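Reader: Could you walk me through how this fold is put together? I'd like to start with the strands and then move to the core and the rings.

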Amino acid sequence: MGLIRGLMGHATETDLEKVREEFASMLIEGEDVQAAYKLVRDMFVFTDKRLIVMDKQGMTGKKISYLTVPYGSIVCFSKESAGHFDLDAELKIWVRGQDIPLTYEFKKDSSIEDIYRILGAAVL
């Protein structure tokens, strides 16, 4: 079921031990992964210090970009829930110094609620 939900655009919670191993070279001393959500090939990783967004690119997914957003740089964030006709939910994160927010789309799913709650706990 997790694979099918992932292919349909639903974010699924990911095994933290596997994420800790995969991101070990990026984490600073004392930093800990607290939550991670996979969205098709991309991933949102929440540590106790920052948000890391992993974006796999291309057909093979061998090219990967990582975006680090320190929680202190997040100015505000919003979510737009999915409706009856608009099946996508949207998460926007405004980062200090950027005019345009980071925008991520989710299918109608409760994981956007979890991600929004984690952002709230980290930023507020």
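Author: Helices (H or I, at least four residues) and strands (E, at least two) are DSSP runs, numbered from the N terminus. Keep in mind that this is a predicted model, where local features need pLDDT of at least 70, side-chain atom pairs count only at pLDDT 80 or more, and totals for chains, interfaces and linings use all residues. Residues are numbered from 1 along each chain as its sequence is written, and side-chain values use heavy atoms, with hydrogens and water left out.

Reader: In which sense do β7 and β8 pair, and over how many bridges?

Author: β8 covers residues 102-107. Within this pairing, Leu 91 stands opposite Tyr 104 of β8. The sense is antiparallel, and the count is six bridges.

Reader: Which residue takes a positive phi in the hairpin of β7 and β8?

Author: Six residues sit between the two strands of that hairpin. One of them has a phi near 90°, and that is Gly 97.

Reader: What geometry do the rings of Phe 23 and Tyr 66 have?

Author: Rings of Phe, Tyr and Trp (its six-membered ring) pair if their centres lie within 6.5 Å; planes under 30 degrees apart count as stacked, over 60 as edge-to-face and the rest as tilted. Phe 23 is buried at 0% relative accessible area, while Tyr 66 is partly exposed at 38%. Their centres are 5.9 Å apart and their planes sit at 90°, so the pair is edge-to-face.

Reader: How many residues apart are Phe 44 and Tyr 104?

Author: Phe 44 and Tyr 104 are both buried. Their ring centres lie 4.9 Å apart with the planes at 80°, so this pair is edge-to-face. It links strand β3 with strand β8, distant parts of the chain that are 60 residues apart.

Methods. Two strands pair if DSSP finds at least two bridges between them. Buried means under 20% relative accessible area, exposed over 50%, partly exposed in between (1.4 Å probe, protein chains only).
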